[in-house]
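Subject: A structure for you to explore

Hi there,

Here is the structure I promised to pass on. Have a look at it first, and then read my notes below with the viewer open.

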Amino acid sequence: MSTESLVPERKPRFAAWLVEPMLANKSTYMKVGLAALLINLFGLVTSLYSMTVYDRVVPNNATTSLVALTIGLLIVLVFDFILRTLRAYFIDIAGANVDREVGQRTFQRLLSIRLDARRGSTGQLTGLMRELESLRDFLASATMTAIIDVPFIFITLLVIGAIGGWLVMVPIVMIPIVVGAGLLTYPALDRLAGSVMNHGLNKSSVLVEAIGGLETVKVINAAPLLQKRWLEATDSHADSSLRQRLVATLGVNVAATAQSLSYAGIIVVGVFLIADRHLTTGGLIACSLLGGRAVQPLGSIAQLLSRLTGARTAYQQVNAFMSQPSEISESDQLKPNKLQGLIEFRNVTFRYPGAKQDALKDINLVIKPGERVGILGRIGSGKSTLARMALGLYQPTDGLVMIDGTDLRQMDLVSVRRHVGAALQESVLLTGSIRENIILGRDGIDDEEMLRVARLTGVHDFVGQIANGYDLKLADRGEGLSGGQRQSIALSRALVGRPSVIVFDEPTSGMDMQSEEILIARLAEELADRTVIVVTHRPSLLKLVNRVLVIQDGRIAVDGPRDDVLRRLTQPQRAA
Ligand SMILES: Nc1ncnc2c1ncn2[C@@H]1O[C@H](COP(=O)(O)OP(=O)(O)OP(=O)(O)O)[C@@H](O)[C@H]1O
């Protein structure tokens, strides 16, 4: 029998990544609410002041009372000013706290996103992270103030009712008009917010692609194509933004007109009530002021409606991203302190998301600790995929990848990768010094160890001569260095700290034969007792390994001791 609960779990209305940081600032938000309450009450005082002045002071020429009342009002205004300032300050503080926490959570999620579950291009993901800004804008400042003011509409209406009786019907009639206009425009605004955001993400996508590959774009003359894509993305973005603003303006104008109508309506009806002696002139003045106050928060909401829909769309997109599978699972994951270096593939089949064919098919493989394996095969045969799977970058579609006898899915990949040195095909460096690029802020790696690997990989040969060479700041992704130099740095950061498992994918592709030979000679000793996987097309690198696998069409075609396999591969095919 299934152990699953029969009662479906109710999904929380809002996601934890947003609600938890907001709840953490609960006390600040309560202060904001209290300030809003007092500010709204002070607003009533101003209207009542006008009423008293018109009804009591003017007819009796009671200047002493006027002075006393005005002093009272001034005191209230001073408090009002202080509270408004405090309210804005508290909202900003809470907004900044929430923004920091939400930003941290989303960035962490971005870094731990499972590659097999990743959706959207690099540019779209960049744009998505920017969408957090619109959420932040929404949660901070003006928006919250306007929303908090809404419940006070009822208090204002109560006061109007107390002073002017049925006069209260005038602003009450206006409320459904404003709300109705909001409700009518909401679906259109919501739809437009979605398309504004999508077109924005498309723009970001073209931009990132163009900037990231500027050199290639020039060389292959792709500028006209990208220019065309950029123009299309900009046009559609501008078009949907324009429509969004038009619809939003409609709601705002209805609210503004309703506010004026409420004012005029109160005056007109009030005149008749005064004639019937149901209302005083002061009462009318107070009611007309209060009438404006009653409708005003709705106007602000109408103004915010487009931002509200924008924020909702951003929330949904970010939430969808936050719900994608991550390398960090909820369960307790194993965090190894060290690795023996036993790597096992059990019946592993893998297909890239959206691909038509399996990249790896039914792989069974045991790499013992200290074993050094070279992986050969034609292009696209699945060599790099095998290396990526050993690093836990992708989870098998079927079967198990195990390290030291434990399923990789049950291990904390950050801890595992601490003991694995990897250099993949692309030597992507980070902005910063060469030293930073080799050490990468890892604990326990000193300058001595950095220099040791730098000498080994040849980095010292080109950095050692320059004064402060290791502190040389590298530009974006290591620009300013040759491909081979970048590769040497990438190899250094993989070897530093002597990790027990090494995974190299074409580690010498950017090097000349002489540099490669020197490197191989030095690596032979360095890698002696490690578990090593080297993906390569170069026979020279096979000097480093004692076992060779040949991958063909996603399957292991040949597996054996290096010399045996090489002999088989170089033997002329016997005629059938
Ligand atoms: N990110 C990806 N998404 C979809 N398919 C992919 C992806 N990366 C690789 N593939 C496909 O998986 C198959 C194996 O690719 P892999 O990179 O492992 O080949 P390889 O043997 O390392 O090739 P090369 O020698 O050219 O590096 C190929 O058919 C390739 O088209």
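Before we start, one term: two strands count as paired if DSSP finds at least two bridges between them. With that in mind, find V373, whose bridge partner in β11 is R547. Please also remember that this is a predicted model.

β3 and β11 are paired in the parallel sense, with five bridges. Both belong to an open sheet of six strands, ordered β6-β9-β10-β3-β11-β12, in which the pairing is mixed.

Strand β11 (residues 547-552) pairs with β12 in the antiparallel sense over six bridges, and V548 stands opposite G560 in β12. The hairpin of β11 and β12 has two residues between the strands, and D553 takes a positive phi near 55° there.

Helix α18 (residues 562-570) touches β3 (372-377), β11 and β12, and its direction makes about 120° with that of β12. Helix α16 (residues 483-495) lies across β6 and β9 (501-505), and runs at about 170° to β6.

**From α16 to α14**

Stay with α16 for a moment, and look for its contact with another helix. Two packed helices are described by the angle between their axes and the distance between the axes. For helix α14 (residues 447-457) and α16, the angle is about 135° and the axes are 9 Å apart. That makes α14 oblique to α16, and their crossing is right-handed. Which residues make the contact? V453, A454, L456 and T457 come from α14, while S488, L491, S492 and L495 come from α16. By class, the residues of this contact divide into five nonpolar, three polar and no charged.

**The four-stranded sheet**

There is also an open sheet of four strands, with the order β2-β1-β4-β5 and antiparallel pairing. Its edges are β2 (360-367) and β5 (406-407); each has a single partner strand, so one side of each is left without a neighbour in the sheet. Strand β1 (residues 343-350) and strand β4 (residues 398-403) are joined by five bridges in the antiparallel sense.

An unreviewed UniProt entry lists residues 32-51, 63-83, 138-160, 166-189 and 250-275 under "transmembrane region". In the model, residues 63-83 are 100% helix and 0% strand, and the C-alpha atoms at their ends lie 30 Å apart. Residues 250-275 are also 100% helix and 0% strand, with 37 Å between the end C-alpha atoms.

How do the helices here pack? The axes of helix α2 (residues 26-60) and α3 come within 9 Å and cross at roughly 160°. That makes α2 roughly antiparallel to α3, and the crossing is left-handed. The contact of α2 with α3 has 22 nonpolar, four polar and five charged residues.

Helix α3 (residues 63-111) also meets helix α4 (residues 122-139), where the axes come within 10 Å and cross at roughly 160°. That makes α3 roughly antiparallel to α4. Is the crossing of α3 and α4 left-handed or right-handed? The crossing of α3 and α4 is right-handed. On the α3 side, the residues in contact are G95, V98, D99, V102, G103, T106 and L110, and on the α4 side they are L125, M129, L132, R136 and L139. By class, this contact of α3 with α4 has seven nonpolar, three polar and two charged residues.

Enjoy exploring, and write back with any questions.

Best wishes

How values were computed. Residues are numbered from 1 along each chain as its sequence is written. This is a predicted model: local features need pLDDT of at least 70, side-chain atom pairs count only at pLDDT 80 or more; totals for chains, interfaces and linings use all residues. Two residues are in contact if their C-beta atoms, placed from the backbone, lie within 7 Å. Axes are lines fitted to C-alpha atoms, for helices over the stretch in contact, and angles run from 0 to 180 degrees between N-to-C directions. UniProt positions are given in the numbering used here, feature names are shortened, and annotations may be inferred rather than shown by experiment. Angles under 35 degrees count as roughly parallel, over 145 as roughly antiparallel, 65 to 115 as roughly perpendicular and the rest as oblique. A crossing is left-handed if the near helix is turned anticlockwise from the far one by less than a right angle, and right-handed if clockwise. Ala, Val, Leu, Ile, Met, Phe, Trp, Tyr, Cys and Pro count as nonpolar, Asp, Glu, Lys and Arg as charged, and the others, Gly among them, as polar.
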